[in-house]
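Please open the structure in your viewer and keep the selection panel at hand.

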Amino acid sequence: MFVTERNRSKHHVYFETLSGRAELDRKESADLRRHRSGYSGECEYDAVLDAVGHDNLFVFRDIWLRIGGGEVQFDALIVADNVLAVNEIKNYSGNYSYENGVWRVRGQQISEDPVSQLSRAAGKLVKLRNESGFPFDIEKEIVFINPYFIFGGGEGGDSDGAGGSRHFIMRNRLKQYFRSLGNHTSGRSAKVLSEEIAGRIIADPYPVPETDYGRLRLGVNCFRCGSFDVEMKRFVSICRGCGYAETVERLVVRTVVDFAVLFPGEEVTKKKISDFLDGSVDLQRVQRLMKKYFPIVPNSSRTHYRIADNNPVKTLKAGGYSSHYEHDPEFMFETHPRRHKLQANYL
Ligand SMILES: [Zn+2]
C-alpha cells in the first residue's frame, strides 16, 4: 500500500509557478524541464507498481527523512518483513554510458551521478538500521523508467566493482522486479519499521530561490493557457486567448497559493494579493475569500494568513469549494450543486 502521496517537489512547484509570471533564464528553464521529467517518471513508476499490486508492501514515496543528524531524500522506499528497498527513479532517455563514476549521454558528461546518489541513500539506511536497532536487509536499485533509455555499458575499471549496473532495473524488467518484491511477507516487523520511517519524515529542508518581485508580471493569468489577456466579469474571469472561464473564487485561491510559493517567508495579506492581481479583484472580496480558505495567523499585528498547502486543488476541496459558476468538471467536487447531473451525463 502507498503510505505517502506522490506530489511535485517544492522546487518543482516553485519553477512551475515562476514560469507563469516571469521569463525563466536558461538555468531555470533547465531546472523546470528536469523536474517535470523526473516527476513524470515517478508517476509512471507508481502506475507500474499499481498495476502489479502492492498490498503486501509499505510504499513510501517522495519523502525526506532525518537520519543520523542529516537529511536525505528518497524517490521510493519499500518496506517488507526484514527488507528495506530503496529505489532511485531516473527518467533518462537516449544513449547513456557510465564509466569511472562519470555518466555521459551522447558522449556529453552529465552533472548527476545516480550511482553515487543511490550509495549515499543506502548508506543513510545503514545508519537508520544502527539507530533503530531493527534488523533488516537493505536492497538498492536505480529504476530507469523510460523505455527509451539505452545503456551503452562502460563501468570498466570502476572500483565499485561491477558496481553500477548490477543495481539497474530497466523498464522492461520493472514488473518482474515489483513482483519479486511482492513475494515478501509484511507482518509485524514490516509494520514496526514503517512506523519508524514515518516518524522520521521531515519537510524538504532546502529553501527555494529568492524571487525578485520586480521581474514578475502582475495581474490575472489564465489557468489554462497562461495568457494575461483576461476579462474580469462579476463571478468569472474569461481568457480572451483561449476562452477558458475560471471563477473569481478559484482564481483568488490559486493566486494566494502562487504568491506563497514564490514568497514563502512573507506574510500573506489581502493587500499583497490584491496588488499581485494588479487590482483586478477588489480588496474586500479578496479578504472574504482568503478568510474562507486560509486560517489567520494568530497573535500578529497585521492580519495575515497561513498557506499550508502548495496545491490549490486541495485547498479548494478542504474549503468546501462549490461555486455555482464553476463549469470545469475537474473542479466540480463532491459538494458541487451540479455534480450529480455531471455524473449522469457521463454515464
Ligand atoms: Zn487562456
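**First stop: a pair of helices**

The crossing of H1 and H2 is left-handed, a term used if the near helix is turned anticlockwise from the far one by less than a right angle (clockwise gives right-handed). Helices (H or I, at least four residues) and strands (E, at least two) are DSSP runs, numbered from the N terminus. The model is predicted: local features need pLDDT of at least 70, side-chain atom pairs count only at pLDDT 80 or more, and totals for chains, interfaces and linings use all residues. Residues are numbered from 1 along each chain as its sequence is written.

Select residues 10–21 for H1 and residues 26–52 for H2; these helices pack at an angle of about 125 degrees, with their axes 9 Å apart. Axes are lines fitted to C-alpha atoms, for helices over the stretch in contact, and angles run from 0 to 180 degrees between N-to-C directions. H1 is therefore oblique to H2 (under 35 degrees is roughly parallel, over 145 roughly antiparallel, 65 to 115 roughly perpendicular, and the rest oblique).

**Second stop: an open sheet**

Next, select the three strands that form an open sheet in the order S11-S12-S13, with antiparallel pairing; strands pair if DSSP finds at least two bridges between them. S11 (230–232) and S13 (245–247) stand at the edges, each with a single partner strand, so one side of each has no neighbour in the sheet. Neighbouring strands of this sheet are turned by 25 degrees against each other on average, direction ignored.

Now select S12, residues 236–239, which pairs with S13 over three bridges. Val-236 has Thr-247 in S13 as its bridge partner.
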